[in-house]
Amino acid sequence: MKIKNIQHALSQQYAEREEVIEGLMVAMIARQHALLIGPPGTGKSALVSDLTKRITGANYFQWLLTRFSTPEELFGPVSLKELEHGVYKRNTAGKLPTAHTSFLDEIFKANSAILNALLTLINERIFYNDGAPAQVPLMSLIGSSNEYPEEGEGLEALFDRFLLRFEVNYIGEDQSFVSMLKGSSPAPADMNIEELFQLQFFSDTVVIPDEVFDALSKIRRELMDEGIHPSDRRFKQTLSVIRAKAVLGGRDKANLEDLMILKNSLWEKPEQREKVMKIVRNYAQDAVKTRIQEIEAETADIMKNLNQSSNSTDVAVESTKKLKSLVNEMKKLQKDNPNRLEIESTIATVQSTLSGIASQVLGV
């Protein structure tokens, strides 16, 4: 998919930003909004700008807010021609109400003159011009800030509008830091807005199985036990990012691992992030897939030990017992999960390893 090419290109260009890049891709497919929180100089605006430039045909609006920003800067100036006829109407051409995607830097600097119109536009995709509601084409608004809003500033509703929230910190690994310093030419990957519309359509058709709904219910219960209470509306909205995550993975059906993105959605305060991450991770793991991976790793370790022992008969017999036990476990797993075709492949691999031991060491 072209969107995967864009994701790969940006991940190569921006070190240690893979999770954020994936999140922004998911937000665009899901038609949701994302928030980037981090200190100055972490490449937030550059990343968003590079991403949006790769969506050809999409109207893009970017602005840096200050405490002195005026509604005209975001929504357009009042039309003097209309005003002569007693009509207070803004000329919105090239401004936020005409954008498909938007980036508002230092979004929590929005003052009361801007806030109400911004909330309605973000949440309902409606802009009131001269009192008349007009639908706007906005798919995703990406906000950024150097810090979280403080309590009592009246920004709780704005903060809540962002379904996905990511912390963007300075590069940690030395190798990644050197790669950033050297720089790299961005790969020529893009897509047009019609192709994005198509992905959004596919996203709406993604099937969410009952096991995912059950996991969401359990996540909600555990969060409540920890005193964390995402709204019912927020949980409902998370279905869109779960579906979008599946589309980005090239699937028409969601799985438990798609839930992992919700660690960026279900916390209300920064200090809750770690608890939310732990709870979500517990339910976002595919138990069958995890056990298959563990058995494959165990099989590799058994063969490694056998080779290091110079294929001694005693070690070979012990290895055979362990591998037979793993085969029996896999067959039981297959019986309990008849639709998981990958189990058969793993059984075949372990059995092939067994045959190899028998022929090479035991002479059977």
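Q: Which residues is P39 in contact with, leaving aside its neighbours within four places in sequence?
A: P39 is in contact with K44, N146, V168, N169 and Y170, where contact means heavy atoms within 4.5 Å. This is a predicted model, in which local features need pLDDT of at least 70, side-chain atom pairs count only at pLDDT 80 or more, and totals for chains, interfaces and linings use all residues. Residues are numbered from 1 along each chain as its sequence is written, and side-chain values use heavy atoms, with hydrogens and water left out.

Q: Where is P39 found?
A: P39 is found in the loop between β1 and α3. Helices (H or I, at least four residues) and strands (E, at least two) are DSSP runs, numbered from the N terminus.

Q: Is P39 buried, partly exposed or exposed?
A: P39 counts as partly exposed because its relative accessibility is 23%. Buried means under 20% relative accessible area, exposed over 50%, and partly exposed in between (1.4 Å probe, protein chains only).

Q: And how far apart are P39 and E167 in space?
A: Their C-alpha atoms are 9.3 Å apart, while the two residues are 128 apart in sequence.

Q: What about T42: where does it lie?
A: T42 lies in the loop between β1 (34-37) and α3 (44-53). With a relative accessibility of 7%, T42 counts as buried.

Q: Which residues does T42 meet, beyond its neighbours within four places in sequence?
A: T42 is in contact with R17, V168, N169 and Y170.

Q: New topic: which residues touch the most other members of the largest nonpolar core?
A: I107, L118, L158 and L259 do, in a core of 86 residues. Helix α2 (residues 18-30) gives the largest share of this core, nine residues. A nonpolar core is a set of buried Ala, Val, Leu, Ile, Met, Phe, Trp, Tyr and Cys residues joined through side-chain atoms within 4.5 Å.

Q: What is I107 in contact with, setting aside neighbours within four places in sequence?
A: I107 is in contact with L35, L65, L118, L141, G143, S144, L158 and F162.

Q: Which residues of α13 are buried?
A: They are V288, R291, I292, I295, T299, I302 and L306. Seen down the axis of α13, these buried residues fall within an arc of 105 degrees, so they line one face of the helix. The arc is that of the directions from the helix axis to the C-beta atoms.

Q: Why would residues three or four places apart point the same way?
A: An α-helix has 3.6 residues a turn, so residues at that spacing point the same way.

Q: How many aromatic pairs does the structure hold?
A: The structure holds seven. Rings of Phe, Tyr and Trp (its six-membered ring) pair if their centres lie within 6.5 Å; planes under 30 degrees apart count as stacked, over 60 as edge-to-face and the rest as tilted.

Q: Why is the pair of F108 and F159 tilted?
A: The ring centres of F108 and F159 are 6.2 Å apart and the planes are at 50 degrees, so the pair is tilted. F108 lies in the loop between β4 (101-105) and α6 (112-124) and F159 in helix α7 (residues 156-160), so the pair ties together parts that are 51 residues apart in sequence. Both F108 and F159 are buried.

Q: Which residues do ring pairs link into a cluster?
A: Ring pairs link F108, Y148, F159 and W267.

Q: And what are the values for the pair of F201 and F202?
A: The F201 and F202 pair is tilted, with 6.1 Å centre to centre and 55 degrees between the planes. F201 counts as exposed, at 52% relative accessibility, whereas F202 is partly exposed, with a relative accessible area of 40%.

Q: Lastly, what is the phi of E16?
A: E16 has a positive phi of about 60 degrees although it is not a glycine. Most residues other than glycine have a negative phi. E16 is found in the loop between α1 (2-13) and α2.
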